[in-house]
Amino acid sequence: MILFWILSVVLVASAVFTVSQKSPVYSVVGLLINFLALAAFYFTLDAEFLAVIQIVIYSGAILMLFVFVIALLSSGIGPFREGPNRMPRAFVPAVAVVALFLGLVVYGIARGPLVPTPHQPTSTIGAAGNANVFGSIADFGVALFTTYLLPFEVTAFILMVAVIGVVLIAGDAVPQPTLGHHAAPKRKRRRESIVKSR
Amino acid sequence: MTTLPKEVTLSIDGLPVTVPEGTLLVEAAKAVQTDIPVYCYHPKLGPAGLCRICLVEIEKTPKLQIACNTVVAEGMVVRTQGPKVEDGRRAVLEFLLLNHPLDCPICDKGGECDLQDYSIAYGQGMSRLAERKELKPKAIDLGPTIVLDDERCIVCQRCSRFDEIVTNERSLVVKDRGQRDVIATATGAPYRSNFSGNVTELCPVGALTSKTYRFRSRPWDLQRTRTTCQQCSVGCALNVDERHGNVLRTMSVPSDDAVSEGWLCDRGRYNVGFYADERRITSPLGRFGDEWVQLSWDDAIELWATRLEEALASAGSASIGVLGGGRLLNEEILLVRHVMRALGIANVDWRTGRQRQASPGARGGTYDDLENAQAIVTLGRPPSQSAPVMDLRIRKAVLRNGARLISIGAHPASSFVPATHLARLSDLAGTLAEVERIAFVWDGIDAALGAEAEAALAKLAAEGKHVSVFVPGETPNARGAEALGLLPAGGALDTRAQLEAARGGTLRILSIFGANPVLHHPAGAAFVREALKRVPFVVATDLFLTETGRLAHLVLPAKAAFEKDGHSFDLTGAVHAVNAAHGAPPDALSDGEVMIALAAHLGIDLPSPRELADWATASPATIANGLGDAALCGSLAPARDGAAGLRLAIAAHPFAGGGTVYFDDRLGELRPRPGLLLSPATAQAAGIGEADLVDLAAGGRVLHDLVATLDGNALEGVVTIVDGLPEAPANDFGEGETVTLGNVRSSRALAGSVV
Amino acid sequence: MLPAFGFALEAPWWVEVVVKSLVLLFIVVTTFAYSMLAERKILGWMQLRPGPNRVGPWGLLQPAADAAKMLLKEDLTPQTADTFIYRLAPFISLIAAMGVYAVIPFSESGNGLWSIGDVNAGILFVFALTSIGVYGISLAGWSSGSKYPLLGSVRSTAQMISYELAMTMSVVGVLILAGTTSLAGIVHAQNRLWFVIPQLGGFAIYLITAVAETNRTPFDLVEAETELVGGFHTEYSGLRFGLFFIAEYLNMITVSCIATLLFLGGWNAPFGLTVIPGIVWFVLKAGLFIFAYIWLRATLPRLRYDRLMAFGWKILLPAATLNLMLTAAVVAVTG
Amino acid sequence: MSPLRGFASALIALTGGFATTFGMLFKRKPTIEYPSVKKQHAPRFHGLHELRRYADGKERCIGCELCAIACPANAITVIGAENAPGDRRSPGERYAARYEIDELRCIFCGLCEEACPTDAIVLTPRFEMADYRRGSFVYAKDRLLVPPQAGVGTAPDERPNGIPADLGTVAEQKSTVDIATGYDATNRGHILKTERRGLAG
Amino acid sequence: MTGFDASPYAALSAVMFFIGVGGVILRRNPLIMLMSIELMFNAANLALVAFSRAWVNNAGHVFVFLVVTVAAAEAAIALAIVVALFRRSTNVDVDEVARLRG
């Protein structure tokens, strides 16, 4: 239980860090910590495979993609410009909405403990590594390729669509703005940002 | 006046040439830009026919002829090249090189040596001489400036012919004959001349070298800048050769026909050692009480500006005096004048020495007028000492053009050409009756004499004679200072009045630009010292801490002549460019730059550089003031009493002075020792022998231990002393004053020439 | 999920973990130091020169000298750098590189595995940590605030993502044959036949991708000195540079160990030479890979970047997929 | 070329490459362990300069600056002066008051040696002149001139009325100054206290 | 293994989810908005894994796996859009992009 509290503190703190950071790179670092904590959670919840998947795919691939994009965008033109945060305008309504829903959810949870409905366990909890043991890769694989084959295939299709979409969106078809169009504001921005960060 | 000379057409190397009749072949060849090698021939010395290197082939003449002494003839066909000519030259060179040592690596001429060049062009490379070369003495001391290397001499006699033809001094000769011939003075005395340095340039080999330049550098290392000499008012063009930031030598500019004709005096040539002297002021110095403090330029200028403003506010512009300017360039003079006028200061006077006037008025002439004059009259100090290269023109006029040389006053005109001496100006009129073209050379000192002369000149001019006037001054650009307005205007104080005001305590600030009135002002050293001590704030710009500088409160390091760019006038009023050839000490500023800084501090707008350049290069005639404007120039007539007794003449000397000459260690014995010059008869009457030590006194002022020199050329009853010697300041005495000689002691050891 | 232990000692499990970790840390750092020396030596020999030979006999103390130098050098931070991330990045690299050793079994004895912990999804754990290691490089490059490191990090990110795919695919064949993701299990599955034989293609692909993943020549575009000065670590100096350096060599050793475990039968003795302890075999096999690395560096020039990417996507990935499908098919058919 | 054959040939090429590098492992290394082992230089190696003397101790250099003008790198500065009659530095009238070579500028081409009319400047096989300051590489007479007892050849009489008798042979005697042990003039090519090993066989 | 209480996980999941919601609403940096979305995904995943553990049923695991896959696709497309936007103009302001004009 101590582990739970430690991890949940890390989880929430890193989530807040992610959302509140000015620089996206810091957000990425926060999110990375968040994902690592989540992986630890999955580990404690006997989802060994998912824990690894969480790190390999989420941290190693998706989040890496963020870093890549950030580096890509800052490589040619410096830190890219972004609009001002909506904080001043939307802070109060946003916090109100979030608090309302959070309140509702917590109320829902607090009204009665979530007593697990007796349900037929599909597997047992035991030594990892073997089939039919909850959370094991074998068990997970069997489930994935039998019961959930259709969703799996659909997901594969979605991935394919995504690949084609990405190529179309970010490919060469997009008109490039002229260099001169970029160059002037770029240098100015760079200096401002250096001044600000000092 | 003369008919055009007949022209002759001949062919040189197949090219037709038309030249005046009588032209030498070697000169005619220059018309087709063919270079005929010469050693003994020199365009200004004429042919001698000694070296035979200029052999050319002339058709229908069986043997090769020397181009330097062959006059062109109609239809002559000349070949300056070809195997025959080259064979001839090779043979001549073989003889010339028989005993010429192979020490080109250490020879100062090596690299600019005609013998070297032509040996490479025509020589045969190896000597066929089996015997050892003749050994001769190498470093023969010819005099204070020149060293002879006898081995290298090819006996072209350019040096001795220069001494004969150009200077007429005739001291250098070829002694002995055959293989024992040697360049020496006829009397065996040291070779002394104001033009001795020219022989090193004339020497086509490295036989004659300057003591100051021996083994200092090789010619290819030198950086050459053409500028204008600022040692006297003649304005000779010269080339400054510099290496590693040191001025090593100055060379004449052979093409400078308008002024120097390619000759330099020894002062212009050798007085360059002061540029690198350690005693030069390298930063502004302030004197507080007895303590000298190095100041930054900002502080120095601010101090000056503040004092000026205080004095202007409390005592007005009449309490401020400005002295000097004769050593400045036109641009600087203009800046000084501009700033002083902007401040309302009228007490400005460039005349810090004896000279009262620099302008020849409306009768100025060119050097050619001087050369072509039928009679040359010198009034006051002769130009032989104050403007030596100008004196060469006079000698030329007398020797070659048959002009009469007449001197008036206490000084003999010249020792080297025949001259008539007249005691007073009034004797002149009869003498000049049949002369058409007259040149007056006045030293500008005796203003009364000047006025008298002007009257005489006006009379001569009225008779339809062509009269030209020359004023060789004490300072190089006195003409510029006067023409560009460094004179007291509208009743303002001239130098003497300023000094008197200073003694009276009414002068608050005195600014002195490149002048040394303590040593040079005729009011006397003691008088000027006393005056300067009473001025609360004296500023002096100079190269060295001179007698005047030591009395100043602020001394600013100035740039010397080779260190600044600008223009100056020569004494005929021609403008010459002065180009910086040498890096000034890091903290030195030219007086012009100082004025710019001062103007910036005082908030004075300066003329634009274009305006400045226009004014600085304008002819002084357009701004000149007339001769004899007594009101402007003031009168400084010394006592010219006709009383019996010895009268004093104060002479100039090229190597006298408290400035650049005094601080040039290399000059050594060229500098005169304090002494006096007497005619033998006068000396005998006073009981003085050659080289005796004598005290000279007049009215309680005494000069001690002057070395007496007897000179047959000196005038009877006149004692001549040298002006501007810091050891024996002559400015305590007046020109023409009656003096007494006493305390005669014999001292053989100090024998030597004084003037 | 308590980790499994190699030695059953009468002590709390965490004491054992700490002790083992410290011992392993020492061994790993020493190995790193001497593999670096070995690299310099072998590179030297291959280039006909002696290599470092000044510090100690045969230059054996060179690593100590290098370490002293690294520690004494000034630690610079560029003015334009993002200080926090700039300082963080080398630690991410190093921790990820070191973390892998938690699951690598070096040998086995009667008491159990010689490893700190035997994670069920061991091989996946390795991949997970490797993918975290990329952050060190890409964040270092981004945070240096200078263009060469940034280019290096962008290159590295693209390269690592591209080659990680092929690498994973090539390993899956082994997993299919072994039927387990546990590293010990995989080694056990090779008791009779090393997987290098049935998985020759996978082995080749693994070797190539492993070189790319560790940014070694000829795939060292990340730090290509001639083009990018030093790549992502251009701005780093002193200790922080040293950390990257250590991480790179640890990664090299890691992939060598993994290759040994997956394809060369781990600590299994070849030809029945069981007299020699398994750990020796393991070290020998891993050492062989390390030597191969150095050999590769001495032999091949750097690839052009577009060729590198094309090679990864157009050759390695299809080849790995083909290998995987073949393996799956064979296993499915033979059961 | 079919892809397969291309693959095969690439494989063969790779194998060849790897074999080459592997083979190098066992080759003898040509490295000379420099500070402890020094290579023997070619007889005409162009190293640090030296200003020679005559056997009677007079400087050979006459300050003629021909080396300076011959120098393509402008590395030599010579300032001449006149020999004082009482204290003759060189046989002739002129000697080098200052002689400086900027060894950092020098390209060791030996043209100064060629240009020298008295064989005064000679390039020795010395080459170790590392230092910490750039200024230290300006070698003046104090470091260039050999000690008085190290003269070579007979001085001509007071006036070198031409060429030293031994011109052209002096440069054949390359010598080196060992600061620690004093001067030892040796023939070209042999270096004191060194050991031969390595390529220069 | 009964008695596993999923409530804390559910609460934690809710908190994390709403942090993500807050991020999406408040921030205008598209990258951080995307990361907030990822946070929301992961909050849901956490709940799924916790419930899966409570029921000892790996359906949740499978679902998480699918979610992760879809998230990867989503992130890739979203980032591609960001890059494309950035190529058109250096100013990546989500509200301006909403006008859908070129």
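Mentor: Start with one pair in chain B: B:L677 stands opposite B:T720 in β32(B). Keep in mind that this is a predicted model.
Trainee: How many bridges join β29 to β32(B), and how do they run?
Mentor: 2 bridges join strand β29, residues 675-678 of chain B, to β32(B), and the two run antiparallel.
Trainee: And in what sense does β28 pair with β32(B)?
Mentor: Parallel. Strand β28, residues 646-651 of chain B, pairs with β32(B) over 5 bridges. There, B:I650 stands opposite B:I721.
Trainee: How many residues of β32 are buried?
Mentor: 5 of its 5. Strand β32 covers residues 718-722 of chain B and is mostly covered.
Trainee: Which side chains go which way?
Mentor: B:V718, B:T720 and B:V722 point one way from β32(B). B:V719 and B:I721 point the other way, and all of these are buried. In a regular strand, side chains alternate between the two faces of the sheet.

Trainee: Next topic. What is the strand order in the 5-strand sheet of chain B?
Mentor: β20-β19-β18-β21-β22, an open sheet with parallel pairing.
Trainee: Which strands stand at the edges?
Mentor: β20 (420-422) and β22 (466-470) of chain B. Each has a single partner strand, so one side of each is left without a neighbour in the sheet.
Trainee: What does the twist average there?
Mentor: 20° from one strand to the next.
Trainee: Which helix packs on that sheet?
Mentor: Helix α13 of chain B, residues 447-462. α13 touches β18, β21 (437-442) and β22 of chain B. The direction of α13 makes about 170° with that of β21(B).
Trainee: How many bridges do β18 and β19 share?
Mentor: 5, in the parallel sense, between β18 (residues 375-379) and β19 (residues 404-408) of chain B. Within that pairing, the bridge partner of B:V377 is B:I406 in β19(B).

Trainee: What about the 3-strand sheet in chain B, which order does it have?
Mentor: β11-β12-β13, open, with antiparallel pairing. The edge strands are β11 (223-228) and β13 (246-252) of chain B, each pairing on one side only. The twist averages 30° from one strand to the next.
Trainee: How many bridges join β12 to β13(B)?
Mentor: 6, with β12 spanning residues 237-243 of chain B. In this pairing B:N239 stands opposite B:M251 of β13(B).

Trainee: Where does B:P522 sit?
Mentor: In the loop between α16 (517-520) and α17 (525-534) of chain B.
Trainee: Is B:P522 buried or exposed?
Mentor: Buried. The relative accessible area of B:P522 is 16%, and buried means under 20%.
Trainee: How far apart are B:P522 and B:P729?
Mentor: 207 residues in sequence, and 10.0 Å in space, C-alpha to C-alpha.

Trainee: Over to chain C. How many helices and strands?
Mentor: 11 helices and 2 strands. Along the sequence, the pattern is α-α-α-β-β-α-α-α-α-α-α-α-α.
Trainee: What share of chain C is buried?
Mentor: 55% of its 335 residues. The accessible surface of chain C comes to about 14,300 Å², and 72% of that belongs to carbon and sulfur atoms.
Trainee: And the contacts along the sequence?
Mentor: Take contacts in chain C between residues at least 6 apart in sequence: 77% of them join residues at least 24 apart.

Trainee: At what angle do α1 and α2 of chain C pack?
Mentor: About 110°, with their axes 9 Å apart; α1 is residues 13-46 and α2 is residues 62-72. That makes α1(C) roughly perpendicular to α2(C).
Trainee: Which residues meet?
Mentor: C:A33, C:Y34, C:M36, C:L37 and C:R40 in α1(C) meet C:Q62, C:P63 and C:D66 in α2(C). By class, this contact has 5 nonpolar, 1 polar and 2 charged residues.
Trainee: Last pair: at what angle do α5 and α9 of chain C cross?
Mentor: Roughly 30°, and their axes come within 10 Å. α5 is residues 147-178 and α9 is residues 238-263. That angle makes α5(C) roughly parallel to α9(C).
Trainee: Which residues make that contact?
Mentor: C:M167, C:S170, C:V171 and C:V174 of α5(C), with C:V255, C:L262 and C:F263 of α9(C). The contact of α5(C) with α9(C) has 6 nonpolar residues, 1 polar and no charged ones.

Technical notes: Residues are numbered from 1 along each chain as its sequence is written. Chains are lettered from A and ligands numbered from 1 in the order in which they are written. This is a predicted model: local features need pLDDT of at least 70, side-chain atom pairs count only at pLDDT 80 or more; totals for chains, interfaces and linings use all residues. Side-chain values use heavy atoms; hydrogens and water are left out. Two strands pair if DSSP finds at least two bridges between them. Helices (H or I, at least four residues) and strands (E, at least two) are DSSP runs, numbered from the N terminus. Axes are lines fitted to C-alpha atoms, for helices over the stretch in contact, and angles run from 0 to 180 degrees between N-to-C directions. Angles under 35 degrees count as roughly parallel, over 145 as roughly antiparallel, 65 to 115 as roughly perpendicular and the rest as oblique. Contact means heavy atoms within 4.5 Å. Ala, Val, Leu, Ile, Met, Phe, Trp, Tyr, Cys and Pro count as nonpolar, Asp, Glu, Lys and Arg as charged, and the others, Gly among them, as polar. Buried means under 20% relative accessible area, exposed over 50%, partly exposed in between (1.4 Å probe, protein chains only). Accessible areas come from the Shrake-Rupley method with a 1.4 Å probe; for residues, only the protein chains shown count as cover.
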